[in-house]
Structure formats: C-alpha cells, structure tokens
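Take a look at the two chains below. Then work through the questions one at a time.

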Amino acid sequence: MDEFTTWDILRNLLLAARWTVLLSLVSFIGGGLVGAALLFARIGEGRIGPAFVKTYVELFQGTPLLMQLFLAFFGLGLFGIDVPAWLAAGVALILWSAAFLTEIWRGCVESVARGQWEASSSLGMGYLQQMRHVILPQALRIAVPPTVGFSVQVVKGTALTSIIGFVELSKAGTIVTNATFEPFTVYGFVALIYFCLCWPLSKSSQILERKLNVAHRNH
Amino acid sequence: MSLIEITEVKKRFGDNEVLKGINIDVAPGEVIAIIGRSGSGKSTLLRCINGLETIDEGSISVAGAQLLPDELHLKALRLKVGMIFQQFNLFPHLTAGRNVMLSQMVVKKTPKAEAEAMAKKMMERVGLGHKFDAYPDQLSGGQQQRVAIARALAMQPIALLCDEITSALDPELVSEVLAVVKELAGEGMTLMMVTHEMRFARDVCSRVVFMHQGRVHEIGKPEDVFSSPKTPELQQFLGVAH
C-alpha cells in the first residue's frame, strides 16, 4: 500500500487547479464577449433584441447553474451528439457568465444620468456617438468593480463542473480523497486553493471601487 | 421673417395635455423670457424646440430646419439651436476644454487643432480661459454653467435655449452666469429662456411670455407685462413672485 505525502496531495491538487484557472478565464472572457453583444441588443432601440435578451437573462438567472450544466452535457446527448465534459462546462459557464455580466453592465449604462443623454443629444450627437464618447466611458468606470467582483463567482462556479466529470480542482479533490481517505486534509487544501484564487479578486474589486470613486470625485 | 416659428404645438404625456396649442414667433436677435408657475409647460416647450420631447400636433421650425422625429432632421435642427440645462450636464469624464471640443469633433468633424482653438476662444468668452484643463467637479456651479454655455456656443448655433439655467446655483453665483447671458444678448444672439429671474427678464428681454396651464396666457414687452399685467393669473403670479 502506497503512502501519500502531503506534498503528493497538494501537487495533484495544484495540477488540477490549472484547469480551474483555465476554465475560469475562458468562461469570464467568453462570457464577457457574449455579454457585451447581448448588452448592445438589450439597450438598443429595436423591439426584438431587448425582449430576447431579457428572456435570456431571466432564464439563466432563474435556474441553477448545475441544471444548465446538466442540460448542456446531457441535452445534446439526446440528439446523438457526444459532448465532452470540457465542452459542456465551457459552453454552460460562458452562457451563464454572459447573462450576469449583461445585467451588471446594463445597470451601469442606465446609471449614467439622463442629463448626459440630453446634453449630448442637444449638441447634435447621434446614438452611436453618444454611446461611444459620453455614455460608455462613464459606464465603464462604474462597471469595473462589479465586473471584477463577479469574476469571483465564475471561479467558484467552475467547481460545479466536477459533477459532470470535468477534472478541475474540486473533482481532483474527490479523486485524491478516494485514494488517500483523508477528506479533511484534501478538501482543506482544495478550499485554500480556491481562497487563494478568489481573495485577490475580491480585494482588487474593493480597491478598484475606492480608487475609481476617488478618481471620479477629484481626478 | 421669424427665426423660430412655433405653430399650434400640442404635447401630451398620457392623458395630461401639457401644451395646448402654442403659437410663438421669434425674430432674429430677440431675447424671450418664458415665465410661469411650475407645471405650466414652459420647460416642456423649450425641450420640444430642441427635439428632446416629441410633439403631438403642430410644427416647430428654426431657421428653416423643421422638427421631425428622425435623427437626420433632429441633427440639422440641433446644429441651429443650442441648449443649456438647469443641471449643467457637463461630461464629468472630460476636462472643461474637452467638453467644449467634443461635439465639434464628433458632430461637425472639425479637426482637433481647430476645435481646440474654438474651445479656447469660447472659454475666454465666458471668462474661463484659465480653467481649460479643469474637470467639471473641480469647478463651482457657476463656472460649470459657463462651460456649458461655451460648449453650446462652440457649435455656433443661431439661437440658444436656456432652461432655468440659474435655478440650481447658489445665489452668489447667479450673477456671473446671467452676466454671460446678458453679453450674448447684447451681441445679438437669439435667446429663449425659461427663468425665475424677474429682474433679469425685465432688464434684458425683448419680450416676455407668461405661460399658464399649457397656453400662452400673456405675451408682450417686459415693461407692459410686468407693470400692467392684464390677466388675474399673471397679476397673481407676479404678486407671488415679487
């Protein structure tokens, strides 16, 4: 019977943590891109776009991420398409992140005072010009802290993908536990690694918030 | 020949008719004060002239540019008539100078150097040449409002609409803004201003419009309107105002 050293445990967990980081990055960046596209459809002047995005956001915010993962993983299987776990995990997390980011950013755009629209209108600017030069620069500044804050949710959200068999940090924790029978040590390390990933993000969100607020007040 | 023609303008918000058929013609160089109780429709009228509100009936034209709800017509109209707001509405992420430059560069495609020269000139004109690089939140309310005036002037409009531009200011800052407006009036700029500054209206304006319940209730030269108001509503309004 092999003995596992603490280092063995930690090393295996750290190797798996790479997949957590990668999946988080892919979800956050992909979700950001999809979210930005949805944002423009949401705040645009059309009729179908906003309604579609509104429904989209409600669906994704109104169902557990786990169900979305199951649907992505098993749903396509019904049509005979074999979806690997990494693909289902990536797609579900991207769509999920997009829904939340769109909603966060919409709030930021709408928090720009109405007077800013009116003043830029009265100067003859068109919708896109207003967006580009007046509204988005202000909304962007407001959006940075909550967006960084949301990235923490993405990192923690990746833990759920272990259930459909994607081997990231949590799944590795389970595997290592099964081999070592030391659940407390293993999951303790797992939690610690998550904390090391998330804490700097939360902290930087706080710092950014303070910094951007001050910048806004005094420049 | 009138510069601004407002003909039978009606405007409803839901069931509430706020403008019930307004007719005003403004000649070039005229300075019009619009007075009246809050809710009488005076701000709405001003906002309609700039296309910030749509109108339900009637027509508005400024120097031949008709108010129509599509972006092309609105832009043509807004190039002719600038607007100053109660809350200044400067762009907080840009310096004062950049505020004045932005729309020139974006809307008129003026080259940067030219826009900057124009912005400097307009900032001098409102007495703030030295604040070119200050951000709006580093300026007092009066200074911000003067930057807003410079920003509108930089687009070289032929008329300016002023919507209670001193109402958000501390009393000691009101005069510096009014001095700028007075100077503009002296230079022959056509102005329509909603105001509560009765003394200013009396001294500077060529005509005063008293609005009441969505109608032009009384209109005339300031000395007539203020000294011998004909209607009981205006008498009461002035009694309250003084």
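Q: What percentage of the 242 residues in chain B is buried?
A: This is a predicted model, in which local features need pLDDT of at least 70, side-chain atom pairs count only at pLDDT 80 or more, and totals for chains, interfaces and linings use all residues. Residues are numbered from 1 along each chain as its sequence is written, while chains are lettered from A and ligands numbered from 1 in the order in which they are written. A residue is buried if 20 or more other C-beta atoms lie within 10 Å of its own, exposed if 12 or fewer, and partly exposed in between, with C-beta atoms placed from the backbone. By that count, the buried share of the 242 residues in chain B is 50%.

Q: Why is chain B called as compact as a globular protein of its length?
A: Chain B has nine helices and ten strands; helices (H or I, at least four residues) and strands (E, at least two) are DSSP runs, numbered from the N terminus. The globule rule is 2.2 Å times the number of residues to the power 0.38, and the radius of gyration is taken over C-alpha atoms. For 242 residues the rule gives 18 Å, so chain B is as compact as a globular protein of that length, its own radius of gyration being 18 Å.

Q: Which residues have the most contacts inside the largest nonpolar core?
A: A nonpolar core is a set of buried Ala, Val, Leu, Ile, Met, Phe, Trp, Tyr and Cys residues joined through C-beta atoms within 7 Å. The largest one has 115 residues. Helix H4 (residues 85-110) of chain A gives the largest share of this core, 13 residues. The residues with the most contacts inside the core are Ile34(B) and Leu191(B).

Q: Which residues is Leu191(B) in contact with, leaving aside its neighbours within four places in sequence?
A: Two residues are in contact if their C-beta atoms, placed from the backbone, lie within 7 Å. With neighbours within four places in sequence left aside, the contacts of Leu191(B) are Val31(B), Ile32(B), Leu160(B), Cys162(B), Val181(B), Leu184(B) and Ala185(B).

Q: How many charged residues are on the side of chain B that touches chain A?
A: Here 21 residues of chain B are in contact with 17 residues of chain A. Helix H2 (71-80), strand S6 (81-84) and helix H3 (96-107) of chain B each supply at least two residues of that side. Ala, Val, Leu, Ile, Met, Phe, Trp, Tyr, Cys and Pro count as nonpolar, Asp, Glu, Lys and Arg as charged, and the others, Gly among them, as polar. Sorted this way, the side of chain B has eleven nonpolar, six polar and, as charged residues, four.

Q: What is the order of the strands in the open sheet of four strands in chain B?
A: Two strands pair if DSSP finds at least two bridges between them. Strand S2 (16-26) and strand S5 (65-66) of chain B are the edge strands, each pairing on one side only. The order is S2-S1-S4-S5.

Q: Which residue in S4(B) is the bridge partner of Ile4(B)?
A: Glu5(B) has Ser61(B) as its bridge partner in S4(B). For Ile4(B), the partner is Val62(B).

Q: Why is helix H1 of chain B described as largely enclosed?
A: The helix covers residues 42-49, and eight of the eight are buried, so it is largely enclosed by the rest of the structure. Just after H1(B), Gly51(B) takes a positive phi of about 75 degrees. The buried residues are Lys42(B), Ser43(B), Thr44(B), Leu45(B), Leu46(B), Arg47(B), Cys48(B) and Ile49(B).

Q: Which residue of S7(B) is the bridge partner of Gly82(B)?
A: S6(B) and strand S7 (residues 159-163) of chain B run parallel, joined by four bridges. Val81(B) and Met83(B) point one way from S6(B), Gly82(B) and Ile84(B) the other way, and all are buried. The partner of Gly82(B) in S7(B) is Leu160(B).
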